[in-house]
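Please examine the sequence and the three-dimensional structure shown below before reading on. The report that follows is meant to be read alongside them.

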Amino acid sequence: MVKEALQFLAHLRRISRLPTPFTCNRILHSLINSGCGDLSAKLFFHLLSKGYTPHSSSFNSIISFFCRLGNVKFAKRILNSMPRFGCSPDIVSYNSLLDGYCGSYQIQKACFLVNRVRGCELIRPDLVMFNILFNGFAKVYMKNEAFVYLGLMWKCCLPSVVTYGTFVDMFCKMGDMEMGNRMFLDMMKVGVVPNLVVFSSLIDGYCKAGNLDVAFEYFERMEECSVQPNEFTYSTLIDGCCKHGMLGRADSLFEKMLSAGILPNCTVYTSIIDGHFKKGNVDNATKYINGMFYREIKLDLTAYTVVISGFHKVGRLDKSMEAAAYVVKNGLLPDRIILTAIMDVHFKAGNVKEALNAYKILLARGFEPDVVTLSTLMDGLCKHGYLQEARRYLDKEKANEILYTVFIDALCKEGNLDEAERTIKEMSEAGFVPDKYVYTSWIAELCKQGNLLKAFMVKKRMVQEHIEPDLLTYSSLIGGLAEKGLMIEAKQVFDDMLNKGIAPDSVSYDILIRGYHNQGNGAAISGLHDEMRKRGITIED
C-alpha cells in the first residue's frame, strides 16, 4: 500500500490533473488502515496545497487520525478549516472530533461541541454523537451530566442498546448496582434487547459486590434473551465463585464453558487453581495445572506465583520447584520470572535467606534484574524489617518510581514518617513524581498516628498535583476522624468521596459503622445498612 501511495504521489507531481474524490478517499483510508497515517496526512495536505477540494470523508479520516494520536487541538483546526477548502463539516466530522475530546478526557469541550451542533440548522445530533458523549461521561463517572444529555437525546433520537449498555456499565463500575439494575429494567421496558456487554457488566458488578446469587440470575437471563456468554462472562463468574469458596459451582461453570466451545484462558485457570489451593484441594488444583500444560496455555507471573504459593502452603515446595523446572524446560516463561516468583514465595514463607539465595542464582545466570524482580526483593526485605538492606538495593540499583514507592510504603507501615518524608523528597529531586500509592501510604500512617491536620494537608497537596485520591485514601481519612470520634467530619469526607464517583466498599462502611457504634448512634447505623443493601454489599453479622 505504501508503494502504491508513493507511486500515486509521484504521478500527481508529474501531471496537472488532480484525483477524483473517490480515488483520494480510497488511498487515504487504505494508508490509515495500513498504519501509515503520517503518509496519509502528508498526501492530504499536499493535495490541499494544490487547490484540491476533497470530499468531507477525506477530512473526516484525517481528523480521526489526529484525534487518535492525541492531537485533538490540531484536529479541531482541520475541522474549522474545511469551509475554506470548499467543504462543509458533516455529522461524521463532528463525531470524529467529539471522540477525540472524550478519548482525551476533555469532557467540557465535548459538551460545547455537542451544543454547537445542536445549534446548527443543517446538522442535527445523531445517535452516534450522543453515545460517544455518554461514553466520555462514563469514563469519569459524570452520571448527573449523562442524565441531562439523555433527556436532550430523547428530543432527537431514541436510545439504543449501546446507550443503555454505557449507562449500565458506568453504574456497575461505580458500584451502584441499584441504578445498574434500574437501567436494565428501563431498557427492557421500552423494548431494547440487552446484549452481551450489558449482561457482562451486570454480572461483573454483582460479582465484585459479592452478590453471586443475582449475578447468576443475570447469567440465566442471558439464555432467555438468546445472548451467548463469552470468555469474560465465564471468567468473571468463576473468579467470583472461587473468591467466595463456591468451588463446586466454579467447576460446573468451567465444564459448561468447555462444552460451549470456549477455551479457558490463563486468568480462568489461575482463579480456579488458586481457589482449590486455598481450600486445600491439592489434587483438584493439580488437575487444572495439568490441564493448562495439556492445552499449552502459557502461564503468566500471577499464575505461576499461585502455583508455587499453593504447593508451598501445603508443604510441597519440591512440587513447586518441579513445576518451575517443567515450565523452564518447555520454554513457557523465561526463568528470570520464575526465579522472581520463587523468591517471592520464600519471602512470604518467612525464608529471607532462601529468597536472597534465589536472587543470587538469578544474577549468577546472567539475568539483569528488572523492576518486578527488584520491587519483589525490596518489598520482601521491607516486610521482614530489613529496611536498611532494602535501602542499599535502592541506592545500588537503578532507582525508579516503583522502587521508591515500595520503599516509602514500607517506611510508612513501620511508622518511620521522618525517613519516609526524606525519601519522598529524594524521589522528587531525582525527577520522579510521587503517585497516589505514595500519597495514600503517607496519609494512612499520618491518620494512624493521629496527625489528621497534616494528613489533610498531604491530601490537599495530592490534589494540587492532579492526583485523585482513591478509596483507600478516603478510607484512611474517614478512619482517622472516626477514631477521634469526629463522626460529623468523617461522614462529610465519606459524602465527598461519593460525590467524586468513588464507590464505597464494605470496609469503608464498617469504619463508619464502628464509629457510630462507639457513640451509640443506632439510627445512623441503620441508614448505612440501607445504603449497603442498595449497593448489593453484604452486611456482616
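## Overall architecture

The structure is a predicted model. Its protein chain contains 31 helices and zero strands.

The protein chain has 541 residues, and 49% of them count as buried. Contacts in the chain can also be sorted by the separation of the partners in sequence. Among contacts with a separation of 6 or more, 58% are between residues 24 or more positions apart.

## The largest pocket

Rolling a probe the size of a water molecule over the atoms shows where empty space is left. In this model, the largest pocket holds about 810 Å³ of space. Its lining consists of 34 residues, and those closest to the centre are Cys172, Lys173, Met174, Gly175 and Ala503.

Which elements give two or more residues to this lining? They are helix H10, which covers residues 161-174, and helix H12, which covers residues 196-208. Helix H12 gives the most, with seven residues. Sorted by class, the lining of the largest pocket comprises 14 nonpolar, nine polar and eleven charged residues.

## The second largest pocket

The second largest pocket holds about 370 Å³ of space. It is lined by 21 residues, and Ser375, Asp379, Lys383, Val406 and Asp409 are the ones nearest its centre.

Four helices are each the source of at least two lining residues: H20 (335-348), H22 (371-383), H24 (401-413) and H26 (436-448). By class, five residues of the lining of the second largest pocket are nonpolar, seven are polar and nine are charged.

## Salt bridges within helices

Side chains of opposite charge can pair when their charged atoms come close. How many salt bridges does a search of the whole structure find? The search finds 17.

One of them joins Asp239 to Lys243, with the closest N and O atoms 3.1 Å apart. Both residues belong to helix H14 (residues 231-243), and because they are four residues apart there, about one helical turn separates them. Asp239 is partly exposed, with a relative accessible area of 23%, whereas Lys243 is exposed, at 65%. A second salt bridge links Lys278 and Asp274, and here the closest N and O atoms are 3.1 Å apart. These two residues lie in helix H16 (residues 266-278), and because they are four residues apart, they too are separated by about one helical turn. Lys278 is exposed, with a relative accessible area of 63%, while Asp274 is partly exposed, at 23%.

Arg514 forms a salt bridge with Asp510, in which the closest N and O atoms are 3.0 Å apart. Both residues are in helix H30 (residues 506-519), four residues apart, or about one turn of the helix. Arg514 is partly exposed, with a relative accessible area of 46%, and Asp510 is also partly exposed, at 35%.

Ser271 is located in helix H16. Is this residue buried or exposed? Ser271 has a relative accessible area of 11%, so it is buried, the limit for that class being under 20%.

The side chain of Ser271 makes a polar contact with the side chain of Asp239, at 2.9 Å. Asp239 is also the residue that forms a salt bridge with Lys243. When neighbours within four places in sequence are left aside, Ser271 is in contact with Asp239 and Cys242.

Asn95 is part of helix H6, which covers residues 91-103. Its relative accessibility is 7%, so Asn95 counts as buried.

Which residues does Asn95 touch, not counting those up to four places away in sequence? They are Asp126, Val128, Met129 and Ile132. Asn95 and Met129 are 34 residues apart along the chain, yet their C-alpha atoms are separated by 5.6 Å.

Notes:
Residues are numbered from 1 along each chain as its sequence is written. This is a predicted model: local features need pLDDT of at least 70, side-chain atom pairs count only at pLDDT 80 or more; totals for chains, interfaces and linings use all residues. Side-chain values use heavy atoms; hydrogens and water are left out. On a 1 Å grid over the protein atoms alone, a cavity is a set of points where a 1.4 Å probe fits but cannot get out, and a pocket is an open set with protein on both sides within 12 Å along at least five of seven lines; lining residues have an atom within 4 Å of a point. Grid points are joined across faces, edges and corners, and a volume is the space filled by probe spheres set on the points. Ala, Val, Leu, Ile, Met, Phe, Trp, Tyr, Cys and Pro count as nonpolar, Asp, Glu, Lys and Arg as charged, and the others, Gly among them, as polar. A salt bridge is a side-chain nitrogen of Lys or Arg within 4 Å of a carboxyl oxygen of Asp or Glu. Buried means under 20% relative accessible area, exposed over 50%, partly exposed in between (1.4 Å probe, protein chains only). A polar contact is a pair of N or O atoms within 3.5 Å; within protein, one must be able to donate a hydrogen and the other to accept it, and residues adjacent in sequence count only if both atoms are side-chain atoms. Contact means heavy atoms within 4.5 Å.
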